[in-house]
Amino acid sequence: MTSRSSTPGLARFNTLEKQAAVAALHEACASAEWGRRLLAGRPYATVDDLLAASDAAMAELTAEDLAEAMAGHPPIGRPTPGDATSAREQRGMSGASDALKAEMLELNLAYQEKFGHVFLICATGRTGEQMRDAVAERIGNTPEEEREIVRVELGKINRIRLTRLVEED
């Protein structure tokens, strides 16, 4: 779990110049509104305070803000070349069979056709099969149901990325 006390990385984040903090937050989540809300809350006393602020900001994002956040995520199975974060998060697909990769591509395209955006899941720690099963299940959701699932999944991703940001030395 997270540390209840301040870390050197959190202290560094709290004191970053505004543009550097904006850039760091944008790396965690592409929603400008989410970033503005977290920036406005600085300084954070603990990592838990930062994560709680992230959760609160995520809960308030509009559909447009969520779309902006999702636009920063590559499709599952196709991490952005040179992006160590997306490659690390999608590690479960790296050793997938060609058949699974093809199935995932087909499901990704069907999902995107239905919902108008990339399938988003907190992929950290999930196998390729688990991700395939999730997209296959979620493609049956309504757009409203899916928007709230995406909000939860983005929140999980943001927590992982923020924790990594403030725990790095």
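## Around helix α10

A63 is partly exposed, because its relative accessible area of 37% falls between the limits of under 20% for buried and over 50% for exposed, found with a 1.4 Å probe on protein chains only. The model is a predicted one, in which local features need pLDDT of at least 70 and side-chain atom pairs count only at pLDDT 80 or more, while totals for chains, interfaces and linings use all residues. Residues are numbered from 1 along each chain as its sequence is written, and side-chain values use heavy atoms, with hydrogens and water left out.

A63 lies in helix α5, where helices (H or I, at least four residues) and strands (E, at least two) are DSSP runs numbered from the N terminus. Although A63 and R151 are 88 residues apart along the chain, their C-alpha atoms are separated by 9.5 Å. Both residues belong to a place where two helices meet: A63, L66, A69 and M70 in α5 touch R147, V150, R151 and L154 in α10, contact being taken as heavy atoms within 4.5 Å. By class, this contact of α5 with α10 has six nonpolar, no polar and two charged residues, with Ala, Val, Leu, Ile, Met, Phe, Trp, Tyr, Cys and Pro counted as nonpolar, Asp, Glu, Lys and Arg as charged, and the others, Gly among them, as polar.

Helix α5 (residues 63-70) packs with α10 at an angle of about 55°, the axes being 11 Å apart, which makes α5 oblique to α10. Here the axes are lines fitted to C-alpha atoms, for helices over the stretch in contact, and angles run from 0 to 180 degrees between N-to-C directions; those under 35 degrees count as roughly parallel, over 145 as roughly antiparallel, 65 to 115 as roughly perpendicular and the rest as oblique. The crossing of α5 and α10 is left-handed, meaning that the near helix is turned anticlockwise from the far one by less than a right angle, whereas clockwise would be right-handed.

E153 is buried, with a relative accessible area of 7%, and touches L120, I121, C122, R126 and R138, not counting residues up to four places away in sequence. In the loop between α9 (128-138) and α10 sits G140, which counts as exposed at 61% relative accessibility.

Y111 leads on to the aromatic rings. Ring pairs link Y111, F115 and F119 into a cluster, where rings of Phe, Tyr and Trp (its six-membered ring) pair if their centres lie within 6.5 Å, and planes under 30 degrees apart count as stacked, over 60 as edge-to-face and the rest as tilted. Y111 and F115 are four residues apart in helix α8 (residues 98-115), so about one helical turn separates them. Both Y111 and F115 are buried. The rings of Y111 and F119 have centres 5.2 Å apart and planes at 80°, so this pair is edge-to-face. F119 is buried too, at a relative accessible area of 2%.
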